[in-house]
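Subject: the structure I promised

Hi,

Here is the model we talked about, ready for you to open.

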Amino acid sequence: MTANVHRLNLAHLCNEAVDGPMDESEKAAMTALVARKIEELFDVLRIDHRNDHNMRDTPSRVARMFVEETLRGRFTAPPKITEFENAERYDQLIVTGPIELRSTCAHHLMPIYGHAYIGVLPSVDGKIIGLSKYDRIVGHFAARLQIQEELVKQIGQYIVDKTAPRGLAVRISAVHMCKTHRGVMASHRSRMVNSAFYGAMAEDPNLKSEFLQECIALERGMPN
């Protein structure tokens with residue numbers, strides 16, 4: 001069982017993918033090993049996971065959560081890009097959002113949650129990708145241990161590499177529970193906002209301003 005796990009390259013950073021998508025037998029082996037390690041952690045913390053009715057199955061539940069949900073972006077292939085012909089040679093800014101974002105802080109293993117916004121300047125001679133794919137791309141790179149400064153660039157660089165737009169912008173606004181549930185115990189209204197710009201979106205201040213104004217308008221339109 002451990003052989004399937006140990007054949008993986010363990011030198012990857014926490015928000016990098018492993019060497020190729022893992023198959024179901026590898027995921028099962030990893031999940032079983034993680035569950036045993038969580039049992040050891042509970043033993044050190046003097047939590048009786050064997051007899052406490054609330055904790056009896058917690059190690060296996062947490063293990064499945066890490067492998068199949070929290071870190072699934074490291075172990076699965078990136079979403080396939082569905083492309084459509086840019087028949088009308090559309091070349092104006094497209095902004096989509098808010099895109100639900102859920103990730104996990106690499107520093108304290110606490111949730112990060114908020115929204116992403118993506119602005120695209122299509123190439124008139126290129127393709128337009130399916131709108132839902134932006135949501136899937138955000139979800140894929142968020143499903144690993146992250147810091148927001150790197151997440152926004154991973155999302156942006158992947159879209160640039162795969163679709164070659166004239167310009168691209170990515171903005172994330174998120175709450176970090178490592179700040180709201182520990183340390184300074186900040187309000188949930190305390191958010192971190194950052195952006196990444198590529199191509200014409202980085203070079204033209206008017207386009208950058210237009211994107212940010214559209215983000216604000218979309219954010220104001222969200223229900224309270």
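To start with something you can check by eye: is Phe211 buried or exposed? Phe211 is buried, with a relative accessible area of 0%. Keep in mind throughout that this is a predicted model.

Phe211 also turns up in the aromatic search. Going through the whole structure gives two aromatic pairs. Phe197 belongs to strand 7 (residues 192-199) and Phe211 to helix 9 (residues 205-220), so the pair ties together parts that are 14 residues apart in sequence. Phe197 itself is partly exposed: its relative accessible area is 22%, and the buried class needs a value under 20%. The ring of Phe197 has another neighbour too, as Lys208 lies over its face at 4.7 Å from the ring centre.

Now the overall picture. The protein has 224 residues, and buried ones make up 40% of them. Its secondary structure comes to nine helices and seven strands, and the C-alpha atoms fill a box of roughly 65 × 40 × 30 Å along the principal axes. If you look at contacts with a separation of 6 or more, residues 24 or more positions apart account for 69% of them.

What does strand 3 pair with? On one count there is strand 2 (residues 94-105), antiparallel over nine bridges, where Glu100 has His115 of strand 3 as its bridge partner. Those two strands form a hairpin with five residues between them, and Leu109 in the turn has a positive phi of about 55 degrees. Strand 3 also pairs with strand 6 in the antiparallel sense, over 10 bridges; there, Gly114 stands opposite Ala174 of strand 6.

Strand 6 (residues 167-176) also holds His176. His176 counts as buried because its relative accessibility is 14%, and the class takes in anything under 20%. Its side chain makes a polar contact of 2.7 Å with the side chain of Gln148. Leaving aside residues up to four places away in sequence, His176 touches Pro111, Ile112, Gln148 and Met192.

Helix 5 (residues 131-142) is worth a click as well. Its buried residues include Tyr134, Ile137, Val138 and Phe141. The buried residues of helix 5 pack against several elements, among them strand 2, strand 3 and helix 6 (148-163).

Apart from residues up to four places away in sequence, Asn15 touches Arg144, Leu145, Gln146, Glu150 and Gln154.

Cheers

Notes: Residues numbered from 1 in each chain as written. Predicted model: local features only at pLDDT ≥ 70, side-chain atom pairs only at ≥ 80, totals over all residues. Heavy atoms only, no water. Phe/Tyr/Trp six-rings, centres within 6.5 Å; stacked < 30°, edge-to-face > 60°. Helix = DSSP H or I, 4+ residues; strand = E, 2+ residues; numbered from the N terminus. Buried < 20%, exposed > 50% of the residue type's maximum accessible area, 1.4 Å probe, protein only. Lys NZ or Arg CZ within 6 Å of the ring centre and 35° of its normal. Polar contact = N/O pair within 3.5 Å; in protein donor to acceptor, adjacent residues only side chain to side chain. Contact = heavy atoms within 4.5 Å. Pairing = 2+ DSSP bridges.
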